[in-house]
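Subject: Structure handover

Hello,

I am passing on the structure we spoke about. Please look it over before reading my notes below.

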Amino acid sequence: MPEQQNINGEAPAGEGVPKTAKQLEKEAKKAEKLAKLQAKLDKKAAAAPATSEKKEKPEKKAKEAKEAAVYTANTAPGEKKDISGALPDAYSPRFVEAQWYSWWEKQGFFKPEYGRDSIGEANPNGKFIMVIPPPNVTGSLHLGHALTNAIEDAITRYHRMKGRTTLWVPGCDHAGIATQVVVEKLLWRDEKLSRHDLGREKFIERIWTWRREKGGRIYDQLKSLGSSYDWTRVAFTMDPKLCRAVTEAFVRLHEEGSIYRSSRLVNWSCSLRSAISDIEVDKVEIPGRTFLSIPGYEEKVEFGVLIKFAYKVEGSDEEIIVATTRIETMLGDTAVAVHPQDERYKHLHGKHVIHPFCDRRLPIVCDEFVDMNFGTGAVKITPAHDPNDYEVGKRCNLPFITIFNDDGFIIGDYGEFTGMKRFTCRKVLLEKLTQLGLYRETVNNPMVVPICSRSKDVVEPLIKPQWYVSCEDMAVAATEAVRSGQLKIIPEHHTKTWYHWMDGIRDWCVSRQLWWGHRIPAYYVTFNDASLKGGSTALGTVSDDEQYWIVARSQEEALAKASSRFNVDASKIVLQQDEDVLDTWFSSGLYPFSVFGWPDDTADLQAFYPTSLLETGHDILFFWVARMVFFGQKLLGKLPFKEVYLHPMVRDAHGRKMSKSLGNVIDPMDVIHGITLEGLHAQLVGSNLDPREIEKAKAGQKQDFPQGIPECGSDALRFALCAYITQARDINLDINRVLGYRFFCNKLWNATKFALLYFTGNEKYNTELSLEESNPMDRWILSRLAAAIETCNAGFEQYDFAAATSACYAFWLYDLCDVYLECLKPIFQGGSAGQQAAARRTLYVCLDYGLRLLSPFMPFITEELYQRLPRADSTPSICVANYPSNTTWRNVQVEADVEFVQKAARIIRSARSDYNLPNKTKTEAYIVCTDAAPNDILKRYSNDLGTVAYSTVSFDSIPPAGCAILTVSGQCEVHLLLKGLIEPDKEIAKLQKKRDGLVQTVSKLTQAMQAVDYAAKVPVEVQTTNDTKLAESRTEIERIAAAIETLKLM
């Protein structure tokens, strides 16, 4: 296995170097600094009470926080939400997200049949089909699942709103190992029973009971996220329909020779007593000598060292020194290998060394895999317990001697070592080598230790008879599909990984020594007639003969096949089904067509296979995506999907992998509903986490979420996750950014609530609009809306979610709220009836289309607000409204003109801020231009400029004395009259104080950045922050200096 290539016994030697005096001095200085800092903090804490005693301030009355609104109407599940009441004063996720989902579901909006007579009916807009990457049924979702659903639901809702026949299939994976481990732990914790105490049938019954109790929780969470699945087609990988597909696939693949049985090396977990897949092996890097806690051992076990010992050459005083990181495996050595061209060992070719602990002669073999320049140039070979040695063993025809049983105990004739645990043997064997004078040295050795992600045990390579899927031909077809463009992988850089996996493909071990899962449909044949030669009854041994295995859809079919193969009457045949189950990825690989009823040629299979898109994390490109491609092409002759979109992995705000022991695993429900720090701690206590790790996890939670997690709502979480999506491989998720989008929801809420005040009558509106009666700002906002429509459509088609979310955010916040709604106020306060009517029509289009653009990302708040618009059309829900596509309103010149106006407004507002003028104090602004063009632009938008700049704007007149001169461009200035509005001396003093603080900031930053080791020691992100702060401070100093000079003239 690839994960094991770096853990074999021939790891590179390293030196265990003690710390230098310089390193020790550096650590001492660091400790001294930390001690000083702690003393300072202690002093500050001690002084705090005394300070408060001296000067007691009267307590300020805290503002009474209004309780967030909740939906209290008596509405039955599935019925439409009551929107007869007024919108609450402030946005409340609990209010907004109540009731809508059950109504959407009952109305059938998420079904492909919605709005058409049958699923087979042709749709000129096309269709969009996708299946869920089924989450494990082991309890609850995490933020990785939330990211997957945020992206996939946004895509699905977009295609539904584009009028396409849309289906997104939900489901769960039975998660063989993960589920069995969870239930076993619960069984032991609650009843002190093992699965063996219960027996296979009763244990599986327990898992089904647990699945019925817990399985629904995941589906409820998916609904809380707003995911628009067709729940009538939900598919669990252990459902009868899918089990039948698994059996059929296995039988067909075996019949055509793509599945076979063989004894090979597998990743073996001694704790689970099962083979595990590569993805379930965590590659833990250790820098050198390290002691790790291993299940089943009271003392920690040493790793990260290379032990050198000698083998004596038979009939000679010579010896060969070899090295290993796993000294216990020397009991299974069957050779020592050297390079054929290595002059040091040419005289020993064909000779033997003597094993010190058993009656075994080890041949000295030649193999070019040995690196002459590495270590001593001689390598111990343990074919049964190391991937590299396994290949050497096959090439050199060596014996394969297994020295561990399934539990990790030493087996074979090894005297006192026999019956020892493998890591206990490690210590004792080292002592014995020393006593025999064969031990040479132990050196520090950075290495990778393969750890079972489920049991935390060290993975042991073991030879086991297992069922394998032959992958070479399927990999060739999968490679060609991508090279030819039939299958598109996005982002494109992942194609390199695809080709890497396919080029180095190895056959896939699908046997798992578990009880929970799809039992392998293979039956072992023996005979109840002693005169007939049958297979060995010792199932699971290396020597079992493949000819006695029958693969069939049922025991009856197996009996008929066996009778035919051996030409024996069925009454004399005894069948025993394989105890093993299939790797979970086998059933997952069939998912894109098993969910539609394959192997039957169902209406769903005809209508929905192949699917349109497979969206998932890049970490399972090979483990899941490749297997689906293999099976789709092999069993149906078609690719299972046309495109694969791979999203980044979610990490915490510090860039760390999510881990329960770090306390940084976040349940999306906690982000949606909010949770206290105490609540987070309580979740740890009730989890399966090792009690020793709970305190560490609590500390991590306290550091990252000292106040708990605030209520953000589903819409804000979804929007944040989609906004994070870039070409990067990882997302460093900061909850504060999610909270920022919750504030955006509040802005959206207040803006729509305010805008609806302008629609006072009973008139209904649509999105058909003529620009003839509109004013310049109407044309501008419609142009900005068209730009957002263009960006959002392109973003969805190109999977550029960051661009789409940015366009929505900018349109609502910067264009509609900050500018257009402000410019409407004078019109509705004093404009003509015609102007007001035109403004209403434009405003309605902005609200309607603006909400539709946002809907795929924020389904709940957009539905709530959309239902309250004075709409003329009868579209029942924003879910099935048309996604905006009109970009004819785009006018680049108008946008450029208004951008110039906004620039002038920003400069005026900035100056007003510098001189501390409140918004209620209007200023007089005199426009002075040397070119007619900028003058005409500002004159055309003079009312709007005055509104957003809190000023009265004058043109073509000489500015009075006492003005601040503000430069808009080389041809345009604004003279802002300040005389009479401010007290120059006081303002100068304020500005000088502010400038002094900035000068001090610049001095400190400059001094820090000039340090010799600044570039090497300071993190890049801190350097970037410092650069920005320095540039902003210098600019601010210049502005203050100019303001002071202006004030001096008054």
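Predicted model: local features only at pLDDT ≥ 70, side-chain atom pairs only at ≥ 80, totals over all residues.

Residues are numbered from 1 along each chain as its sequence is written, and side-chain values use heavy atoms, with hydrogens and water left out.

Domains

The domain assignment lists domain 1 (93-250 + 584-647), domain 2 (275-460), domain 3 (668-734), domain 4 (758-890), domain 5 (896-977) and domain 6 (986-1049). These bounds come from an automatic or database domain assignment.

The interface of domain 3 and domain 4

The centres of domain 3 and domain 4, taken over C-alpha atoms, are 35 Å apart. Eight residues of domain 3 are in contact with eleven residues of domain 4; contact means heavy atoms within 4.5 Å. About 870 Å² is buried between domain 3 and domain 4, and carbon and sulfur atoms give 68% of that area. Buried area is the accessible area (1.4 Å probe) that two parts lose on being put together, summed over both.

Across this interface the rule finds zero salt bridges (a side-chain nitrogen of Lys or Arg within 4 Å of a carboxyl oxygen of Asp or Glu). It does find four residue pairs in polar contact, both residues at pLDDT 80 or more. A polar contact is a pair of N or O atoms within 3.5 Å; within protein, one must be able to donate a hydrogen and the other to accept it, and residues adjacent in sequence count only if both atoms are side-chain atoms.

The four-stranded sheet

An open, antiparallel sheet has the strand order β6-β5-β18-β20. Its edges are β6 (274-276) and β20 (508-509), each with a single partner strand, so one side of each has no neighbour in the sheet. Strands are DSSP runs of E of at least two residues, helices runs of H or I of at least four, numbered from the N terminus; two strands pair if DSSP finds at least two bridges between them.

Ten bridges join β5 (residues 259-269) to β18 (residues 460-469) in the antiparallel sense, and Y260 stands opposite Y468 in β18. Helix α9 (residues 387-395) lies across β5 and β18, at about 140 degrees to β5. Axes are lines fitted to C-alpha atoms, for helices over the stretch in contact, and angles run from 0 to 180 degrees between N-to-C directions.

The three-stranded sheet

The order here is β23-β22-β24, again open and with antiparallel pairing. Strand β22 (residues 522-527) pairs with β24 over five bridges, and F527 has I573 in β24 as its bridge partner.

Regards
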